[in-house]
Amino acid sequence: MFECLIPSLGQQVMVRGLTLQDELNVQTTVQLLSGTAYDQMLKIVKIVYECLEIEKEKPLFEDWLNTIAESDLDPLLYGIFHETYGPTLKLQEVCPTNNESYSIQIDLSSLVIDGTVNTENVAWYEKREIVYNNITYRFLSKRTLLATLAALCVSPFSLTDLIRIQNGENPANLNEDILKSIKFSSLTSTIYEIEKGGKVIHRPGLQQLVKIRDWFNITLSDLLKMPRAKFNETFPNDISSPFTTLFSYHVTKCPQCGKKHKIVLDFFRYFWQYSITS
């Protein structure tokens, strides 16, 4: 067992390593080229959930997703990675000075860990509502992992392509309207219910894909008419959790250029890579 800290909750949890079946599940998830970001992300998050060892009664899967943030996945995956593959991380990196690649082995005990942890156990998001065109929208001020997965339901892209799009790339040569719609659905993913004509409509559960896509079509069609200034005020760009953990490693002497530099580590990506190559 490995002890991990969930930044947004300020809580420590124990995680186990991957079983052979877990690794096979990750492999099939990554290798399915036709898989959408939702399919891929949901399977990985379910594996993380199954690796949690909680002494008290374990919360239901979707309840748990609605208490943590997407940024909480990295420290959990770090713990699962450490428990599964040991304290050494083997990477193929690129020198930032001359763009030449090199191999490196990193002792995980020597990582630099930065970030902000919710040590006071404060509520990191709040429930809000807004009325527009006689429709009441109830939403969260920040995006939980459940909201992240809900947004992925309407995306036709793979997780790899979506990450590249979020990083400012355009791997599929998408036009600006499609790129804007991806951002729009991401920002409005925090809406969990609407009230229209005296009827309250809750966002469907993650297993009801058709219904949740219909839900987004209903909510987005009306919100698209909202003036840009009002929309930006209601749904600001920064809806991520303020609590994060960042892992990095300081290379004291690069084998390519001989200089010092920092490697920012991404255990979400290593989780994929090691599962495929192990």
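Reader: What does the accessible surface of the protein chain come to?
Author: The accessible surface is about 14,900 Å², and 50% of that belongs to carbon and sulfur atoms. Bear in mind that this is a predicted model.

Reader: OK. How many helices and strands are there in the chain?
Author: The protein chain has 10 helices and 12 strands.

Reader: And what share of the residues is buried?
Author: Of the 278 residues in the chain, 46% are buried.

Reader: What about contacts between residues at least 6 apart in sequence, how many join residues at least 24 apart?
Author: In the protein chain, 68% of those contacts join residues at least 24 apart.

Reader: Let's pick a helix. Is α5 mostly covered or mostly uncovered?
Author: Helix α5, which spans residues 145-152, is mostly covered, with eight of its eight residues buried.

Reader: Which residues are those?
Author: The buried residues of α5 are L145, L146, A147, T148, L149, A150, A151 and L152.

Reader: Changing topic. How many disulfides does the structure hold?
Author: The structure holds zero disulfides. For background, a disulfide is a covalent bond between the sulfur atoms of two cysteines.

Reader: Take C4, then. Where is the nearest cysteine sulfur?
Author: The nearest cysteine sulfur to C4 is that of C51, 9.9 Å away. A disulfide needs the two sulfur atoms within 2.5 Å, and C4 is in no disulfide.

Reader: Is C4 buried or exposed?
Author: C4 is buried, with a relative accessible area of 5%.

Reader: And C51, buried or exposed?
Author: C51 is buried too, at a relative accessible area of 0%.

Reader: One more residue: E193. Where is its place?
Author: E193 lies in strand β9, which covers residues 191-196.

Reader: Buried or exposed?
Author: E193 has a relative accessible area of 11%. The cut-off for buried is under 20%, so E193 counts as buried.

Reader: Leaving out residues up to four places away in sequence, which residues does E193 touch?
Author: On that count, E193 touches T136, Y137, R138, V200, I201, H202, R203 and W215.

Notes: Residues numbered from 1 in each chain as written. Predicted model: local features only at pLDDT ≥ 70, side-chain atom pairs only at ≥ 80, totals over all residues. Heavy atoms only, no water. Buried < 20%, exposed > 50% of the residue type's maximum accessible area, 1.4 Å probe, protein only. Helix = DSSP H or I, 4+ residues; strand = E, 2+ residues; numbered from the N terminus. Contact = heavy atoms within 4.5 Å. Areas by Shrake-Rupley, 256 points an atom, 1.4 Å probe, with all protein chains shown as cover.
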